[in-house]
Amino acid sequence: MLAVLAPGQGSQKPGFLTPWLALPGAEARLRWWSVLAGVDLVHLGAEADAEEIRDTAKTQPLLVAAALLTAEQLPLDNANIFAGHSVGELAASALAGVLSAEAAVTLAGVRGREMAAACALEPTGMSAILGGDPDEVLAVIEAAGLHPANRNGAGQVVAAGSLTGLEKLAAAPPARARIISLQVAGAFHTPFMAPAEEALATIAAGVSTSAPTRPLLSNLDGTVVDHGPDMLQRLVQQVTAPVRWDLCMAALADRGVTAVIELAPAGTLAGLVKRTIKGIEIASVNTPDDLAAARDLIARHGSAPDQPLARIGDQL
């Protein structure tokens, strides 16, 4: 059984889309999506430096576009399940048939701009906690007045909230845990993002959805969502709700997934899955040179669905 994963913010690297621009139609696709996202995706993916692509308003549509662009080069008809981390859920929702590619990129542009604006309202941040007893980690986060914004599994939890709370966490970390301050604009996936959730909900209300043509996991609780409007509502709620990637990985294991393809820019989710699900085969798609290995996994681990997978550009 084959799962296809779309990465979230923080996975981007300068120039990571450059090799993809040589493929027929790729640059034109990105220029069309740039109009919808309100940012120059060709520039961001090929020319921008690390500082520029760290900007939330630019990073989020860039990552969604990158995942969709690389997915179009793969025969995903036989993929069995889709999931995305944070903003990557928009790409996964398009691949599973809930959204059109155009809707996913447009929503990513709105989401990024509005979350960046929410970050500017009050100084906040995020820190990764690596290791430690899981229950103690959550207790220390709560005691510092912070939120467990990302529960990524493999001994990794991301705390988010006020800078004062993050300083308190750094001064008194959980036993046997390491704290890493993250270079992000603010406290994503916490109540601090409420203005962004409200703004995204206003736009999402006009977006058409379809029922998923493949199982699609939700970051809210790791469950499979089979209703388009429900998934869209979850995508909006996810702006302020914690990312439960640990539950998504548990769902992959429970469903008997034997292989995973992580779309570009790949590596982060592949690493988490490798440390969590033993014996799984993984293909990280970062350049066109990685497509052959991904196609091999599809041939060996995928299975034909009951109905054909809609091409991600077919919906309007």
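Which element gives the most to the lining of the largest pocket?

1. Basis of the note. This is a predicted model, in which local features need pLDDT of at least 70 and side-chain atom pairs count only at pLDDT 80 or more, while totals for chains, interfaces and linings use all residues. Residues are numbered from 1 along each chain as its sequence is written, and side-chain values use heavy atoms, with hydrogens and water left out.

2. The largest pocket. Helix α11 gives the most to the lining, with three residues. At least two residues each come from α5 (101-119), β3, β4, β5 and α11 (268-276). Helices (H or I, at least four residues) and strands (E, at least two) are DSSP runs, numbered from the N terminus. The pocket holds about 660 Å³ of space, the volume being that filled by probe spheres set on grid points joined across faces, edges and corners. A pocket is an open set of points on a 1 Å grid over the protein atoms alone, where a 1.4 Å probe fits, with protein on both sides within 12 Å along at least five of seven lines; lining residues have an atom within 4 Å of a point.

3. Residues of the lining. Of the 30 lining residues, Q9, G10, S11, L182 and V184 are the closest to the pocket centre. By class, 13 are nonpolar, 14 polar and three charged; here Ala, Val, Leu, Ile, Met, Phe, Trp, Tyr, Cys and Pro count as nonpolar, Asp, Glu, Lys and Arg as charged, and the others, Gly among them, as polar.

4. The antiparallel sheet. Four strands in the order β4-β5-β3-β6 form an open sheet with antiparallel pairing, where two strands pair if DSSP finds at least two bridges between them. The edge strands, β4 (147-153) and β6 (177-181), each pair on one side only. Five bridges join β3 (residues 124-131) to β6, and A128 stands opposite I180 in β6. Helix α7 (residues 163-171) packs on this sheet, touching β3, β5 (156-162) and β6, and its direction makes about 135° with that of β5. Contact means heavy atoms within 4.5 Å; axes are lines fitted to C-alpha atoms, for helices over the stretch in contact, and angles run from 0 to 180 degrees between N-to-C directions.

5. The parallel sheet. A further open sheet of four strands has the order β2-β1-β7-β8 and parallel pairing. Its edge strands are β2 (81-84) and β8 (281-284). Strands β1 (residues 2-6) and β7 (residues 259-262) pair over four bridges, with L2 opposite A259.
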